[in-house]
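Hi,

Here is the structure I promised to send over. Have a look, and then read on for what turned up in it.

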Amino acid sequence: MCGIVGYIGNKEASPILIDGLKKLEYRGYDSAGIAVYHNESLQITKTKGRLVALEEKLQGNELTGSVGIGHTRWATHGAPSDVNSHPHGNSTQTIAVVHNGIIENYLTLKEELQADGVVFLSETDTEVAAHLVDLYYNQCGDLIDAVIKTMGRIEGSYALGVVCRDHPDLLVAARKDSPLIVGLGKGENFVASDIPAILQYTRDIYLLDDHEIAVVTRDDIKIINRNKEEVKKEIYKVTWDVAAAEKGGYEHFMLKEIFEQPKAVRDTLLPRLPQNKEEIVLDDIKLSQKELEKINKIYIVACGTAYYAGLIGKYLIERVGRIPVVAEVASEFRYRDPIMDENTLLILVSQSGETADTVAAMRRAKKAGARVLGVVNVVGSTIAREADDLLYTWAGPEIAVASTKAYSTQVVAMYLIACHIAMETGKMSTAEFIELRKELHTIPDKIDEILKQADKLKEYADHYMSSKNVFYIGRGLDFAVSMEGSLKLKEIAYVHSEPYAAGELKHGPIALIEDGTLVIGIVSQEELFDKTVSNLREVKARGAKILAIAQEGHTEIEKTADDVIYVPRTHWMFTPILANIPQQLFAYYMATGLGHDVDKPRNLAKSVTVE
Ligand code: M6R
């Protein structure tokens, strides 16, 4: 979602802010702006649209100065417009604020401020924060106190960056429920909502926790709490390379990340499956065998693609671990009254570790006494820090909004967790595990094999390019896979599609099948093959065109399907990770063929940090 960058040093701030914001473009945004201290005043330039529009606006009107804040906005309160863009200022433009998150009580605060004569320029919730800082600053004369008082008034989530004309040597940042980091430089320091924004300048960062305030000058960073007590923070060293966040010759991040999957899967898998041990090594899962044996119910909670990976986990844990599992989207889970106690395990799946609903679900479960296991990609994220147990998916930075390699590694995590639970509770023998481990080791190469069929998938995408409605159908694990395929097509190709349990079609949706409707049939599950093929015949009889994804050797599918993509044979548990790869490529080529910018799909953001 929104991106924040702040700089204080001896260089020109403006290019550093713009450059940092460019590195955050992948998060999704609709407007951008910067505020820079110059000549004893704060100069703000902001505009609706992409960063190029901001750069155009700055041409000939460059903001010179070495302290500033920048922002890319993903609209929540008020449409994308110049005036609603951040930074927002107080009435005298002596204070500028950028904000990620949502100020839930902004209307009450706005009315209160308006009653005192404050005139609002924008429709945003953020402007309230600018005026509040101004109000308290005028009352107490201390910018830090003013920010702390403002934090005390705001309900909701925020990552704030604040600069003030009276303090040209100071950058203040604060967070609650929205990610914020501080980068340590030499004679310069940085603030950002995500690592890529500042990675070319520093690898040493502080990860701010909720209710912490960073008081940043050129030569010093102090992290304090709301009582102004200093908080000792460890420096987190970023180990991944700048190149990992670059396109590396690929046309899009999404394509690069699709092709990175063999490596991402290897990196997630291999350290956990040492050949010399007959167990899965999950260092950050502290749940003992005794505790695991007491678990009588598991919830898997996540959003979007991460939820679909979680659905695979549900099927597997129930089948091999024999513990009842409910998989649910976090936005629903958090607002109903799920039954949880100390014998409940909540597994959260999240690439970013910051998704607002997933974080809220975690906090809710912890309150109810449940044990929380996070499956997270971003190191040091909120879920990574707050979960009781942790399994990192080592996918590396995922920049494209459409999740690909993160999904594959999340599915790997589900394999590891399911096998771990089954072994610890005596439902899977060592011999069975060794067989599975052997097969798991072959998965990265099998993904490579599928990627070699990219050209064929492009041909199919070109062929079906005019489809307006697409059905994805499958049974069992294939049904879970079909949901991810359908989401990918919707989010980047903007083609309406529906995933359906193949056996459920004739209870209604089959009425939508007409001549030429594209049905993508996932038939990778050996034991359900015949059943799904029967369902495919039913839609074929009603005029559908069928593109099937099947395991090698199942050539009889060619009698039913118009086109087929084969994936290498594997154990039934591991078909989802393979069957999904053609879906990713198909969606990618449909989207590019239709002329869409797949890395920045409309209306979407990489990390959904608001409800
Ligand atoms: O960071 P998370 O894994 O928690 O994000 C969850 C979803 O927002 C995310 O998977 C989303 O559905 C992707 N855009 C799908 O490609």
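First, a term you'll need: a polar contact is a pair of N or O atoms within 3.5 Å; within protein, one must be able to donate a hydrogen and the other to accept it, and residues adjacent in sequence count only if both atoms are side-chain atoms. With that in hand, the side chain of Asn 84 reaches the backbone oxygen of Ala 79 at 2.8 Å.

Do keep in mind that this is a predicted model, where local features need pLDDT of at least 70 and side-chain atom pairs count only at pLDDT 80 or more, while totals for chains, interfaces and linings use all residues. Residues are numbered from 1 along each chain as its sequence is written, and side-chain values use heavy atoms, with hydrogens and water left out.

Back to Asn 84. You'll find Asn 84 in the loop between β4 (67-73) and β5 (88-89) (strands are DSSP runs of E, at least two residues, and helices are runs of H or I, at least four, numbered from the N terminus). Asn 84 is buried, at a relative accessible area of 0% (buried means under 20%, exposed over 50%, partly exposed in between, with a 1.4 Å probe and protein chains only). Beyond its neighbours within four places in sequence, Asn 84 is in contact (heavy atoms within 4.5 Å) with Arg 73, Gly 78, Ala 79, Ser 122, Glu 123 and Thr 124.

Now the cores. A nonpolar core is a set of buried Ala, Val, Leu, Ile, Met, Phe, Trp, Tyr and Cys residues joined through side-chain atoms within 4.5 Å. The largest one has 126 residues, and Ile 298, Ile 347 and Phe 586 touch the most other members. Helix α13 (residues 405-424) gives the most to this core, with 13 residues. There is also a second, separate core of 32 residues, including Phe 120 and Met 151.

On a 1 Å grid over the protein atoms alone, a cavity is a set of points where a 1.4 Å probe fits but cannot get out, and lining residues have an atom within 4 Å of a point. Points are joined across faces, edges and corners, and a volume is the space filled by probe spheres set on them. The structure holds four cavities of 30 Å³ or more. The largest has a volume of about 70 Å³, and its lining includes Cys 2, Arg 73, His 77 and Asp 125.

Cheers

How values were computed
1 Å grid on protein atoms, 1.4 Å probe; cavity = no way out; pocket = protein on both sides within 12 Å on 5 of 7 lines; lining within 4 Å.
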